[in-house]
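Good morning. I will take a few minutes on one model, and you can follow along on the screen.

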Amino acid sequence: MNYWNLKRLQMICMVLPIMILISCQSTPKGEIADLIYHNGNIITIEKENPTASAIAVKDGKILAVGDRLIRSKHKGDSTQVVDLEGKTLIPGFIDAHSHISLAMSLVQQANLSSPPVNTIENIGDIVNALKTQQEKYSIKKGEWIIGWGYDPDLLEEKRHPNKLDLDTAFPDNPVFIVHTSAHMAVANSEALAKVGIDENTKAPPGGMIIRLPGSDEPSGLLQETAVYLVYNNLPKPTVEQSMFLLEEVQDMYASYGITTAQDGLTDHKTYQFFKKAAATGKLKLDVEVLASFLDARTYFTEGLDDFGVTKNGLRLAGLKIVSDGSPQGKTAFFKEPYLTEVPGCAADCKGFPNLSQEQLKGLMSRCYDLGIQLFTHANGDGAIDLLLDTHQEILDSLPELSDDLRNVIIHSQFVRPDQLELYKKYNMIPAYFSNHAFFWGDVHLENLGEERASFLSPLKTSMDMGIICTNHTDYMVTPLDQLFTIWTAVNRTTRSGKILGPNERLTPLEALKTITINAAYQHRQEDSKGTIKVGKLADLAILDQDPLSVSPDQIKDIKVIQTIKEGKVIFTRLQ
């Protein structure tokens, strides 16, 4: 064989496997598709086959991924052919952490957020927004007025409202306004009286009742578990009202390209509502439920068989523990003190844990014994230390414990490098929150200093270490927009325009993986979701631009044109 024939044979041997892969991951050959998408930019998130020019869908699953030959192989008389017209098709976004049930309650509450989410700039604006809500819904004397999303760091007064700010405007209505973190809230005098909170009321374990200066009289500000003293007494919608709100909120989630949503802290009663909604076909999205640790005993007895099982789009994914609070609210638990004044604390103010190590160990051990995936909210490095120490203590007594627990550490915002080494050792999954870099990056610089603030949500370091990590909005804490979340992970720009931790910026593809395949892995769904691959669910989103090719600063401006759940369109943006 001459030299040129030999080189030709070598080239054929190298190229043929690639051609077979690209031409179509088609099974079985010639099967007629329900849908074919073509003539667009298809990002599969698959390492071996990252892009494609066409895909075929049948029975809600991906039938084939490849080039234009799909059309000739899988098109039949009944096949709907969708021309993408150059738009970008990606896997549907998987919500790594938000609160869909809280989103339902927000529909009829006053939005007290500051710009750019809303227009609140001072306490007077808060009062006016609550009055508008009262008028809009004809709220009568004695009925609750509720608002959410106020942020003292962005108010002109630079402080929390207190009951005195609310009492004059609302002398005959209980008023309850929730901090943007949902880890604290303010109640007026009528609300405090309605639930029996006065100068003699002791704060519950893991919570604080802030007092007016120089007295035991409650100021109205409640932190962490003390919030539940009021929250558990708020009026709840009927099942019929909840079903209506669920549909409205699912439409909102779908409008952002989300095909799998999470309910990040679900009491048992709300879980029963979700089960009813799923059983009656009311779920357009898949919903991953995290059972509230506050109802752990009930879940362990009445819902034990549901853990890890998907039925009618609903899955009880695991147990959620809240181990500390909010870093911008200064209740997150740190090893070193905050650098600024902390409400209710005079000195050495490091925040506080919501649970003792004994309580934490009890919950963790029970989950490990039962094979229940554990999701733990931990923001400060002190809370993360407590979690890691407890995990190691359990390991010492249970050396045969599975190495695939997939413990998820929700937020992990101020994890230290040495703690990341333990995440890797224990195969833990940090669910990061890069939106904080924009919304509160400047606040963290002031409260925590440059070194701690810059290592917020260290996505790049984690990925370089081989740690599978995710990213999220924690809606309603920050907006649900997934493209904005990609933007914050790629740019890490604060409100004032600073770059917070430039070494932790991701590439657009890395950021996209955190809310697709990595989020699927977090929920043990990587075999059926998160990438565009033959056999996986046809959960898809169509974007008007390619997040991998536009300028990094333009990613936040990309719009979701259509969202597809298992081959069915559940959202289309009006032109």
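Predicted model: local features only at pLDDT ≥ 70, side-chain atom pairs only at ≥ 80, totals over all residues.

Residues are numbered from 1 along each chain as its sequence is written, and side-chain values use heavy atoms, with hydrogens and water left out.

Helices (H or I, at least four residues) and strands (E, at least two) are DSSP runs, numbered from the N terminus.

Two strands pair if DSSP finds at least two bridges between them. Strand 8, residues 145-150, and strand 9, residues 175-179, run parallel and are joined by five bridges. Tyr150 has His179 in strand 9 as its bridge partner.

Now the helix pairs. The axes of helix 8 (residues 239-255) and helix 9 (residues 268-279) come within 11 Å and cross at roughly 70°. Helix 8 is therefore roughly perpendicular to helix 9. Angles of 65 to 115 degrees count as roughly perpendicular, under 35 as roughly parallel, over 145 as roughly antiparallel, and the rest as oblique. The crossing of helix 8 and helix 9 is right-handed. A crossing is right-handed if the near helix is turned clockwise from the far one by less than a right angle, and left-handed if anticlockwise. From helix 8, Val239, Ser242, Met243 and Leu246 meet Phe273, Phe274, Lys276 and Ala277 of helix 9. By class, this contact has six nonpolar, one polar and one charged residues. Here Ala, Val, Leu, Ile, Met, Phe, Trp, Tyr, Cys and Pro count as nonpolar, Asp, Glu, Lys and Arg as charged, and the others, Gly among them, as polar.

Helix 12 has two partners to discuss. With helix 11 (residues 357-370), helix 12 (residues 381-397) has its axis within 10 Å and a crossing of roughly 55°. That makes helix 11 oblique to helix 12. The crossing of these two is right-handed. The contact includes Leu360, Met364 and Tyr368 of helix 11, and Leu386, Leu387 and Ile394 of helix 12. By class it has six nonpolar, four polar and three charged residues.

Helix 12 also packs with helix 13 (residues 417-426), at about 35° and with the axes 11 Å apart. This crossing is left-handed. Among the residues that meet are Ile384, Leu388 and Leu395 in helix 12, and Leu422, Tyr423 and Tyr426 in helix 13.

How many disulfides does a search of the whole structure find? One. Cys345 and Cys349 form it, with sulfur atoms 2.1 Å apart; the cut-off for a pair of cysteine sulfur atoms is within 2.5 Å. The link is left-handed, with -100° about the S-S bond.

Last, the backbone. Most residues other than glycine have a negative phi, and most peptide bonds are trans. Ile45 is not a glycine, yet has a positive phi of about 70°. Ile45 lies in the loop between strand 1 (35-43) and strand 2 (51-58). The peptide bond from Pro115 to Pro116 is cis, with omega near 5°. Pro116 is in the loop between strand 7 and helix 4.

How values were computed
Axes fitted to C-alpha atoms, helices over the stretch in contact; angles between N-to-C directions. Contact = heavy atoms within 4.5 Å.
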